[in-house]
Every structure is written in structure tokens, then in C-alpha cells.
Amino acid sequence: MPKTPHVGEDELLRRAVRGDEDAFLEIYRAHQASLYRYAVRMSGSPWAAEEIVQEVFLTLLRAPSKFDSARGLLGAYLFGIARNRVLKHLERAPREVPLEPDSEANAEVHGSQADKLAHMQTPAAWAERSQLTEHVHEAVLRLPPDFREAVVLCELEELSYKEAARLLDCPIGTIRSRLHRARALLLAKLEMWRSVPRRATAR
Amino acid sequence: MMTCQEFESLGPDFERRPVSRAAAEEHLRSCPRCSALLGSWKDLDGELRALARETSSAAAPLRVELALREAVRGLRPQPRAGRLVPVWLLGPAATAAVAFFAAWYVLRAPHAPQKLANPSSSLAAQPPVDRYAVTNNKVDPAASEELSQKASGAQKQGPRRNPSAPAAKDSAGEFLALPYALPVTSADDASVIRVRLQRAALGAFGLPVNEERAAEWVMVDLLIGADGQPEAFRLAR
């Protein structure tokens, strides 16, 4: 997410649309990771996130005049484009396929298993921890988009309520409310997940 | 005293609000249900932080950057051909080109191909024939000798009437008969004209042609019969 203003974004953009690769790379590398994380956390699909990031920057290159630095930072503008793309994606695929633990793309997002194992004491602890994280991620992906967005921005991207409200162009109270309801839904889903294996093993 | 409903509505953010923090903490001390709820919230925050850590290094793959760089390269302005030559030069250049072709046309008019009755004057004639397509032939030595005599007869008359004819000095070698040529009847009826051919066309006369020099231009003397058809040829020096 856009956190710090980038000096000379206008000039960089002007040079980029004239074919200056270095100027474009400076813009791209400053914003791509946060946009990709937002897209992948919202869509649950690395492939969709990849496509969304590409579309965001292509839109910027094709219509650079739509960005007005007087109205906000370039990062916020790019986030707006990414958000529209993500919402369109969610409309097209309302029930996105959950992330598969063994998929190659998922490994790119979650880091290598060797890295994870290095931080765990035992393979059993690592497996349990990994499974729990997967369930949390799945539960986040099953939230309604508005609630999911609040969780992604405030909990995963660790933006303040004020920053999230500015990005989403809504009051802070709305962000707080969405987060509150999202937590309640997440707790319910995770509790349900925890209780199902217990019942299954009790038989 | 805060109620359970009020505590729930505050959520885990109550710690950030000094006004409600004291009341919430007092409620928690007396309400095990809300204490358990606070524990669940904290667990959930921990899970979400773990998920955030795991995905914090996620970034778009390199192939996205490569594709976009390609798109940026496509935005570079292409140099326009019109700018290579100043516009003000186009008018004079066109005028000079027209003048050149007009002069060339006027100068070449006297050398237009024509059938010359006099062999000596035909030696000086150099029609601007570029290529002379002739079907493949087989050279008959006897006919070649006869043709050479005929041509020399024609040339002997030539220098007497026109000593300055250039072909008389340059020509060498024997004439080779063309495959379709009719038997020679009289030297007086023959004339020799000089044409300019590409070496590639000599292959049609049965001569070996070096492919590397096939595009070169050479001068060839053609022996023209009374009927106006070429009967034999030879290379001019």
C-alpha cells in the first residue's frame, strides 16, 4: 500500500510513457509488491493477482493523463485501479478456488517450506502451524469482499484505520465496523473448523 | 458498569481508547465469558499476523516485469523517415531529377536502334539494347568461319567509308552462329550492330557464364542478316 510519497512521480511517469524503462521500473518496483499482495490476499489466486498487477500498470501506461498528482499519490491511484480489477475478478469468480497447499504458485506466496521448517521446532509443530495458517487464509477468503478488504488492509497490510479509510474512500467508523464484523465471522469459521476434527476423531 | 454487549461492541480496540479501557478491564475481571472472548480475539490477531508474515514477501513474478518492460519499449517514438531529409530540399531535388532525365532522353535519341543498310555505319551504331534473349544454340565451326568471313567483309567496307568507327578496332574473335540463323547468302546484305548485354544473357548463346559476374554488362556484336534478324554474335573487346 502507498505509505510514503515518491518525489517526482509526475516526471517519472512522463518519462515512462515516452519509453524510458528505468523510469518505469522505478515506479513499478515501488508499488508492485503491495499491489500484488493486496490482489492475492483478496482473490486467493496468485495467477489472478499477477494478471491484475499487469493490467494496473498497462492501464497507467495507456492513459497516464488520468493520474492527477494534485488529487493524490500515484500509489493510491494505482491501488484504486487494482481494487476495481479485484472487484471485477470477484464478481466473475465469486467462489474462488481455495489455495492448494502444494501448488507452485502458493509456494511463491507463502515462501518455501524449508524456510518455514527452519522456524519450527518439530515437523509436527510445523505441520500444525501450517495447516492453521491455511485455514485462516481460507477463512479470510470466504469473507464478504468488504469485510475481507478491511482485514487485508488493516490486519495483513497493517495500515491504520485512517489510511484504510482514505484508500477506500469511506469513514473510519465504517472500517472499524467492517473489521469488527469480519473478526466475528472469522472466529466463527475457525471455531467451526476446530470443532469438526474433534468430532470426527471422537467417533 | 460495562455490559457484555457494550464490551463486544468495543472489540479488541478497547485498549486503544483510554476512555473505555478502565471500564472494559473492570468488566473483564468479573465476566469469564468476555475474558474468553478477548482471548479468542487475541488468538485471531496472532493468526492474522502469522498469515501477514508469511505473505509479506510476496511480489509479482519477474515475468510481469518483463512483459511490462516490453510494453514500455513499444512506447518509444519511432524516427520518421520524413525527417531524414529537410523538406526545403525536396523541391530542388525533384527539379534536378526531372532535368537529368530530360537531358538523358535528348542525348540518347540519336542512338536509337535502327536497321542500317550500310555495314560500316552499322558498326558505329550502339543501340541501347539491354538484354537479348536468344534460345540455346550449338555452335557449328564451319558456319562460324563462314560468318567471320562475312563479317570481315562487312567490316572491310566499313573503315573505308567511316575510318573512325570504334567497333572496328574493338571487335575481336569469331562470330558464333545462332541456332535459328539461315544460311548466309551475301556479305553485302549483312550488317553488324553492337549491343550491351548482361553476362547472364550470354548463357543463352551457349557460352559459359560465371555466376558471380552474371550481372556485369558486356558489349556484343550481332551480325544482322538481310531480313533484319541476328544470325551470329561475338564478344567485343
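Guide: Start with residues 156–170 of chain B, where pLDDT stays under 50. The model has 29 contacts beyond four places in sequence for this stretch. Keep in mind that this is a predicted model. pLDDT is the predictor's confidence in each residue, from 0 to 100. Residues 111–140 of chain B also stay under 50 in pLDDT. For them, the model has 73 contacts beyond four places in sequence. Helix H6 of chain B, residues 119–124, has the lowest mean pLDDT among the elements of the chain, at 42. At the other end of the scale is H4(B), with the highest mean, 91.

Now turn to the strands. Chain B has an open sheet of 4 strands, in the order S1-S4-S3-S2. The pairing is antiparallel. The edge strands are S1 and S2, and each pairs on one side only. S2 covers residues 191–198 of chain B.

S1(B) spans residues 176–177, and S4(B) spans residues 230–235. These two strands pair in the antiparallel sense over 2 bridges. Look for Ala177(B): it faces Ala232(B) in S4(B).

Next comes S3(B), residues 217–224. Its antiparallel pairing with S4(B) runs over 5 bridges. Val220(B) stands opposite Leu235(B). Asp221(B) has Arg234(B) as its bridge partner. Ile224(B) stands opposite Pro230(B). S3(B) and S4(B) also form a hairpin, with 5 residues between them. In that turn, Gly228(B) has a positive phi of about 85 degrees.

S2(B) and S3(B) run antiparallel and are joined by 8 bridges. Here, Ile193(B) has Leu222(B) as its bridge partner in S3(B).

Then go back to H4(B), the helix with the highest mean pLDDT among the elements of chain B. The crossing of the two helices is right-handed.

Who makes this contact? From H4(B) come Val64(B), Ala67(B), Leu68(B), Ala71(B) and Val72(B). From H3(A) come Glu50(A), Val53(A), Gln54(A), Phe57(A), Leu58(A) and Leu61(A). By class, that gives 9 nonpolar, 1 polar and 1 charged residues.

Last, step back to the meeting of the two chains. In total, 26 residues of chain B are in contact with 33 residues of chain A. On the chain A side, several helices supply at least two residues each, including H1 (9–17), H3 and H10 (172–202). H2(A) gives the most to this side, with 9 residues. By class, the side of chain A that touches chain B has 17 nonpolar, 8 polar and 8 charged residues. For the complex, the predictor gives an ipTM of 0.74 and a pTM of 0.55.

Methods
Residues numbered from 1 in each chain as written. Chains lettered and ligands numbered in written order. Predicted model: local features only at pLDDT ≥ 70, side-chain atom pairs only at ≥ 80, totals over all residues. Left-handed = near helix turned anticlockwise from the far one by under 90°. Contact = placed C-beta atoms within 7 Å. Nonpolar A, V, L, I, M, F, W, Y, C, P; charged D, E, K, R; others polar. Pairing = 2+ DSSP bridges.
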